[in-house]
Amino acid sequence: MLKVEGIETWYGAIQALKGVTLDVKSGEIVALLGANGAGKSTTIMTITGILKPLKGSIRFLDQDITGMEAEDIAEIGIACVPEGRRIFPGLTVLDNLMLGATPRKRASRGEIKNDLDRVFAIFPQLADFSGRLGWQLSGGQLQMLAIGRGLMSGSKILLLDEPSLGLAPVLVQEVFRVIKEINKTGTTILLVEQNARMALLIANRGFVLETGRVMLSDTAANLLANEEMKAHYLGAHTHIKEARQRRRDERAGA
Amino acid sequence: MKTIMKNLLILAAVVVTVLLLPRFVTSNYWLNLINLSISFSIACLGLNIVLGFAGQLSLAQAAFWGVGAYTSAILTTQLGLPVWAGMFAAFFMAALCGVLLGIPTLKLSGHYLAMATIGFGIILQLILVNEIWLTKGSDGITTIPSPWIGSLELKDPGAFFYVAAVSLILLSWGTIHLKNSRVGRAFMAIRENEMAAGAMGVDTTYYKVMAFALSAGYGGFGGWMFAHSGSHYISPDTFSFEQSVILLVMTVLGGNGSVIGSIVGATLLTMLPEVLRFLKDSYMMVYAAGIVAIMIFMPSGIAGLVKSMPLTLRLRTWWNADSRGGRQVGGGASPRGTYPGKKAAFQPEDCAGSGEVLLTVKGLAKHFGGLKAVDGVDMEVRRGEIQALIGPNGSGKTTILNMLSGLYVPTAGEIILGGAAIAGKKPHAITSLGMARTFQNIRLFGELTVLENVLIGRHCHSRAGLLASILHLPSQKAEEAGIRAKALEMLEFVGLKGKEDAQANSLPYGQQRLLELARALASDPQLLLLDEPAAGLNAAETEALVDLLFQICTRGITILLVEHDMNLVMNVSDHITVLNFGRKIAEGPAEEIEKNREVVDAYLGTEVGNA
Amino acid sequence: MDWSTNLQMVAAGLAMGSIYALVALGFVLIFNAVNVVNFAQGEFAMVPAFVAVWLMNSLNTPFALTCVITVVFMGIFGIVFQRIAYYPLRHRSFLPVVISTIGVGIFLKNGAQLIFGAEPLSMPRPTSPTALNIFGVFVDPQYIVIILCTLILLGFQYFFFEKTILGKKMLATAQDKQMARLLGIPVAQMIAITFAYSSILGAAAGILVGPIFFVTKDMGAMIGLKAFCSTIVGGFGSIPGAILGGIFLGVIEVFASYYISTAYRDAFAFIILILVLLLRPQGFFGEKIAEKA
Amino acid sequence: MVNLRRILSVTFLCLMVVAVVCSGSATAADEIRIGFTPPITGVHAAGGSLQLKAIKLALKEINGAGGVNGKKIDLRVIDNQSTNPGALAALQKAVEQEKVLALMGYLYSTQVFATADAIKNYGIPTIIGATNVNITKQGNPWLFRVRPDDSIAAGAMVKYIKEDTKFTKIGILHDSDAFGTGGADLVEKGAKELGLTVVKREKSSTGAKDFTAELLAMKNAGAQILVFYGHQEATAVLQRQLRQLGSPFKFLGSPSSASKDALNLAKEASEGIWAVVDFVPGQSAENKRYAEAYKKEYNENYDSLAVWTYDGLKILVEAIKKAGEDRGKIRTAILAMQGYKGVQGNFSFTPNGDGLSEVSIVQIEKGEPKLLKIVNLGAKK
């Protein structure tokens, strides 16, 4: 469905992507993992057209979208929930959602209304707050609204950038549950996550980025079992536990 | 040695230039224009302080220029004071007006401040026109005297040029020093991020007023020069809003924040209309089109353009390398050998958790209108411990941190840090009492270098004032060396050694978090507040952070932590406080919290066991 | 207290105030769409006034046709203006944009002088020059036209931003351009429309005010500044705020100059501005958006 | 340290630029250079372009008639940017770069004040059109005024009110600039001397657009006639608003009230107002000839506020004709002129350098000023 081949993206003189190749098949959840500065968000921004790749190609549904403007890419059906949610602070929840439907030029009022009902069904809280302004919402509500807005576009694929960032554990679980649910209703998902374990638990496949290159790609199950992954991205927690023990010993000694 | 030679060489060159200029340029027409552009340059230097350094847009610089001109003109013509006395009066009177404008407009920024300053300029001009008893109204003040040196009257433009040139050189010398001093860094911290500046111990109110006063003072000095040279005549129409705009354009054209840029910009725009006279009717259009073109094609002004030239770049790096060597010798302190850890100056007892209470919070509440964000929270933080504050989004954690660090004034309740009540105090005061913090969305001084960021963290432990900074006194030099040594130590501690000269916002996200930590540590806090330090870090980076937290604790610094990463929280905290809907719902060691039913339901969720 | 004098002054204040309000609408529009204060907004009223005078005096174009041509001209002018003075700087902080608009303002002033000459021009009036006597208060009929037009434009603008999806898209563009692009909102187009509409508002102001003030290159300068004051007093970004702020300033100005000092007339707007900023920084109608730490 | 280095390179750069630009131009032998420093840009540009038209007509006539003493006049026009530093720079450029023999100076008093010192030091004969009384009282021997000063206009205004109307209560409204304030002071002083009561005095900023408050204040103070001292745009707005308030009192304006611009702007609102003017179009043969020549040249009516440049250049050339190219002798020659017939009237220079001492009171009828009375206060001086 989405095929990214050898893209190279630069920020001024700094090369952020050094040839990223990945693909997302219809109906999948694909996780994009990696350390800070590995180029995950840059990849997302390049796919959506905010950044322009210097080399490589991006194909979506057999159409070459390399170098297209972000507005046009949104219109042909790639929705993005960027890092930091980016809710319009001065608009109401309802307005934010309605703007999500911008790419659907030909949709009737009824269809949009149906989609709105669907989003409210997934996030019942949003219906209660529909008159509130964006800046009045809390972190969790913002994330719900951001995903809801992404869904309103009716796009076939949804790019999610760090949806769990800054959320309480119980909300993180909720967000991943919702992602899974959305996927079941037929939306393909490309997920960028720092919380690699959670992401791989719901994903079909995963790609691991390091310094602007894909270092590892495999099914989610294989990645979860990979020793190297455990050490670097999944967090075996042995280190932290050791450190804690060391500290306690020190205290006891003193 | 080489540095001294270079400085001497520069000095000699400047002296020769100044001495010889009136020999080559004998035309009064050009000499007067040069004097005029020096007067503008000085006003622009001032504008550069408030706009370029402190980041406050002022459109009243021509008004201050006018205050200076009028003060000196009135004193010398009506009271017969000597012109040199008028010079000081002009400076201080304008600075006073700067304070008067600064105080009521402190809360404002951006467009609002711009508008308020425009208003000030227009009101001042109306006063000049209408208070005829004082200012002679629109007729203006004629036959303003020239300065005298002994029995020599400096009436000739060529003679006055020496006064102008010497003033300009001294003032720009002082301004360059100011930029690289504690005061200058405080200005720039306010420009880059006012909230963070306050949290790092910079008294933002005081420094903003100081920037306004200093900027106005420079403006007044420029005005003095204008009044006593050229036509020896001043009238209100010269000190208009349009003139303020021209001064602003000069400053920005030269390069906002660059001292030399201000001078180049002022000189260029004073000379340009003269040189462009052949364009006749359309030269103001050409000039205006030039302004727009500069904004579009030369974002950082002429100074930026000069900087980006390969030749000067090479010269600069050569020069930097050499002078840095000099500085290190002067500083004398080597960062090596103070590596923290077990061998640090702090004894393990400091970390042992003596049980002494460092921070007490009683009945703390914050209401925003009808919303009770925090509603009567009690908690204690013991010295030497790592305490975590957790809870669902919107439960009031960050609000509590904001009240502790002084960004919010509590609606009710007490906060006692080491015996001192700090509730409602300003952020900078709380910082100097020994509390430092980081922010959830990183708030660095993005345009400044990594080192400068940490130097600002040291603000509350240094003294150098405005005068010492401008004059570059030996005491200030020594203090500066100390600050630098401490900052380098902190950078090494968090692992950012070698990145000193990188621009802060060019660092990758994880390193920005570390830099924020180094900056907070530089203020030698007793209590460190960390707001989601692991947000956006992956497992490996989180592990490194844990090591760092323990090391910080080993240095005797108590930590209060807000964090969602339960793996981190449960493993590092000695104590955990849990909030929900602005109230405390649980408190205790990690083992207890993990099993607390209410906490699991409201916050942790069921999967925490498997994770 | 002298009732007829006071009423007469209220009428004069309302008239001046509605002019400030009209120009202020344009400020608010651009501010809402691109978060930028256009310091050339006063010139947005000066340029169409010159165009209209030229059409009417030199080409003898009838009034209605003149209005249409001027509005179309200003629509294009707005798009060209944003392309030159704003668009290249859209990713930068507000300062370069402010300076760039100031630069264009100076350019337009001197350009107008070069093309149309330096003498003030008088624009033919669509209304009678004889004042209407309404209960003993003399009112220039042109002022009534101005007030009516301002109200109509206010209503239209309110409807546009509150009720239409295009208005919402423009607000979204103002608040987060990149996100707007991700949602498929054609950002460049939104900005162009904003500037075009704002200069059409300028055209309305220029055509309406021209017959009263005479057309000079400096006609927009002080009106622009006072309109800016109005938007702040009313609450930046608020459309009803801009209108009420403008009328409030207009009335206060007349009363203060009568009862306090005519010489300091231009100072009162700014004194009120500073007072409002100190006591209620968000203005009468502005909303306070708290900065989160 | 780094910056210090940059200071240097920049300073040198500036020096080089300055040195290159600073070369003056030499005068051709068969030309006499005269400088003219009008405001071509800035707030006063409106007047500047009209001044330029008037002086160019004079230049064309002079050079068309073979110049002076066999040499053509080379007029060097230098913009004063409507600012005081600009006026000084223009003067210095004229004298030092363009090497002019004499100068056609400034219309605005503030610019004359700003340059008076330098003019005195250069010792260059300068013709001015500024009307502030104090200018020629400073003991500066090089300033020659070719317009009646404000004391004459103001004196004539109050004299006319006293002698030809029955009004005793006058209101004064003036622009807050030097010209308006100075004029209003003289009117107030003159009115008191003649026993008239000034019931209200108000000033407004240059560029004011609404005078309702001022006019109501006058009305409520019981003024019978309003004396206005200010500029063209303001007088037109004022006349219109006065009419809209039902013309509760008469209006007597300063010379700008009857200028071409003001009449064009005010249109029918100016009908019936009184104004003091330097001269009335068509009052003399010379005046009629000028009107025709101007109309022929530019296909429009001349502006009375710009005529001084025409008269000024003619007077200057007349003096050069007698005295040759010697500044001191030119000065003597100008001061010696008595009864020179100019467009604005008959010039007889006082030792202070004032050339004109008569003004006229006019009433506007159908958009044209009609002479009511010529007032000559020359005898008093």
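1. Setting aside neighbours within four places in sequence, Leu2(A) is in contact (heavy atoms within 4.5 Å) with Leu22(A), Asp23(A), Val24(A), Ile47(A), Ile58(A), Arg59(A), Phe60(A), Ile78(A), Ile157(A) and Leu190(A). Leu2(A) also belongs to the largest nonpolar core, which has 258 residues; along with Phe187(B) and Ile234(B), Leu2(A) touches the most other members. A nonpolar core here is a set of buried Ala, Val, Leu, Ile, Met, Phe, Trp, Tyr and Cys residues joined through side-chain atoms within 4.5 Å. Buried means under 20% relative accessible area, exposed over 50%, and partly exposed in between (1.4 Å probe, protein chains only).

2. A word on what you're looking at. This is a predicted model, where local features need pLDDT of at least 70 and side-chain atom pairs count only at pLDDT 80 or more, while totals for chains, interfaces and linings use all residues. Residues are numbered from 1 along each chain as its sequence is written, chains are lettered from A and ligands numbered from 1 in the order in which they are written, and side-chain values use heavy atoms, with hydrogens and water left out.

3. Now the sheet in chain A. Four strands make an open sheet in the order E2-E1-E4-E5, with antiparallel pairing. E2 (14-24) and E5 (63-64) of chain A stand at the edges with a single partner strand each, so one side of each has no neighbour in the sheet. Strands (E, at least two residues) and helices (H or I, at least four) are DSSP runs numbered from the N terminus, and two strands pair if DSSP finds at least two bridges between them. E4 (residues 55-60) of chain A and E5(A) pair over two bridges; Gln63(A) in E5(A) is the bridge partner of Phe60(A).

4. Chain B, in totals: 26 helices and twelve strands. Of its 611 residues, 62% are buried. Among chain B contacts with a separation of 6 or more, 76% are between residues 24 or more positions apart.

5. One residue to look up in chain B is Ala12(B), which sits in helix H1 (residues 2-24). Ala12(B) is partly exposed, with a relative accessible area of 39%.

6. Over in chain C, helix H1 (residues 3-34) has 32 residues and reaches 45 Å from its first C-alpha to its last, close to the expected 46 Å (1.5 Å times one less than its number of residues). H1(C) is mostly covered, with 27 of its 32 residues buried. Just after H1(C), Asn35(C) takes a positive phi of about 60°.
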